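Please describe the fold of this model in a short report.

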Amino acid sequence: MRWLLLVSAACIVAKQPLVVPPNDETTVLLVTGTLGHPLDGIARHPWFAVRRKGEQRWALYEVPSETSADDPFDRGRDYYGNPILHAVWRGEEADRAADCIDREAGAIIRDIDDHYIFYPGPNSNTFGDRVLRKCHLHASLPSTSVGKDWRGWIGAGVTSEGTGLQLETPIVGLKIGLKEGIELHVIGLSIGIDLWPPAIILPLGPGRLGFADR
Amino acid sequence: MKAVLIVLALAGTAHADRWSRMADEFSGAAWLHYELTGLDRVQDEGMRAASVKQLVLAGARLHGIVGHGHTLAYHIGLDLAAGGTVGQGGFAYDVALLPIGIAVRPNERAFFALGTGVGAMGGVPSLDGAVTLPIDLTAELGNGRVRLLGRARVSYVAGAPSRDGGAPSLPTGDELEAMLGVRIGHGYHEYGFSSGNGYFVAASYRELEGARFAGVTLGYSIDLASPTHL
């Protein structure tokens, strides 16, 4: 019975700490936070936090718009709670990522704002996945970022992590990859097994039971 | 030109008023369950030996109701679950689309919902796959931290003669499924909507192929409701 409780709750081992890196190098962060009540247990929202070398403030790229903040994790009481840091890029890699996000994010945000559908997409998570793929930033959004796999009525391609393939429709989809493992999508909900770092992928809470994705 | 602009402005206002009135008149609610159910065969009826001994299913139930300013509402639902017949190591599935239904809302977040439609349920290789005609009654009560969740479903089965009349407790219908549980979580009232979420535990019961199954369902659910305009 204990395994049933664990699977139902979903939890992450070895989460990345929410530590703001020094500004001696350009830094790009991929962060997600929970939506408001009552969706806070099943849905997350992503943003890219970008800070150039020597700067103090962070530029935040997300749907519906670009903003800025002193703290890349604290979005205020009424916004996105329980932030999870999914990926960090630093140095030259971050310079390239920051240039690409600055160049591409505006058009993607406008396109998604024009066609926005809360569920199943395109939505803020579709934006996160599209930026990852467009800028070749090898990372994955969590399974509770519902809408990350939105590809329209039908779509196929390389995963955002870059080591797998996925085929998607709004009803059912499949992602298979070396790092991604096997992920089945049914009406936007994800379930599967992540091979590295190992975890069970669940459509609940932080989206996985096992080691943090990094 | 000025007259045209005035007419357009009035038309726009009327259009906005109409949407506003519709939003005031219509009310609705929705609920989503994630469920993990484990069932064990506890009793066979007579000489009939069920092929399934244990059944584990994981899935989601997404239901919604919409009404026109009062407590009676149209109800639609989609249930999807997959898993296995543990002892036999096979794949199992249980899905249903319930496009025809009616719901009663005694208060904002309480409801009794009846639905019917078409489904499919089976297990490979131990339980013959069948098309089902489910008649489903769902009830959820409680606005605070504790919420009572209940469901009962009678199904008529087609395409699997081995599963005909497989529910010993039913005078009619081929299969029976029921769940009764308690959710512990939170209730909210924000932005003019009532909502809640939390984890739940429930006792589950099933009758199929002449056998009785009992077990436990663990899950997470959310619910959201607009005012009923009573």
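## Hairpins in chain A

In chain A, E3(A) and E4(A) form a hairpin with 6 residues between them, and A:Gly54 in the turn has a positive phi of about 85°. Helices (H or I, at least four residues) and strands (E, at least two) are DSSP runs, numbered from the N terminus, and two strands pair if DSSP finds at least two bridges between them. Strand E3 (residues 44–51) of chain A and strand E4 (residues 58–61) of chain A run antiparallel and are joined by 3 bridges, with A:Phe48 standing opposite A:Tyr61 in E4(A).

A hairpin with 4 residues between its strands is formed by E4(A) and E5(A). Here 4 bridges join E4(A) to strand E5 (residues 66–69) of chain A in an antiparallel arrangement, and A:Trp58 stands opposite A:Ala69 in E5(A).

## Basis of the model

This is a predicted model, in which local features need pLDDT of at least 70 and side-chain atom pairs count only at pLDDT 80 or more, while totals for chains, interfaces and linings use all residues. Residues are numbered from 1 along each chain as its sequence is written, and chains are lettered from A and ligands numbered from 1 in the order in which they are written.

## The sheet

The open sheet of chain A has 5 strands in the order E5-E4-E3-E2-E6, with antiparallel pairing. E5 and strand E6 (81–90) of chain A stand at the edges, each with a single partner strand, so one side of each is left without a neighbour in the sheet. Strand E2 (residues 27–34) of chain A is joined to E3(A) by 8 bridges, and these two strands run antiparallel; A:Thr27 stands opposite A:Arg51 in E3(A).

## Overall dimensions

Chain A contains 3 helices and 13 strands, and its C-alpha trace spans about 50 × 40 × 35 Å along its principal axes. Of its 214 residues, 44% are buried (20 or more other C-beta atoms within 10 Å of the residue's own, the C-beta atoms being placed from the backbone).

## Contact with chain B

Two residues are in contact if their C-beta atoms, placed from the backbone, lie within 7 Å, and 13 residues of chain A are in contact with 17 residues of chain B. The largest share of the side of chain A that touches chain B, 4 residues, comes from helix H1 (residues 2–9) of chain A.

How values were computed. A residue is buried if 20 or more other C-beta atoms lie within 10 Å of its own, exposed if 12 or fewer, and partly exposed in between; C-beta atoms are placed from the backbone.
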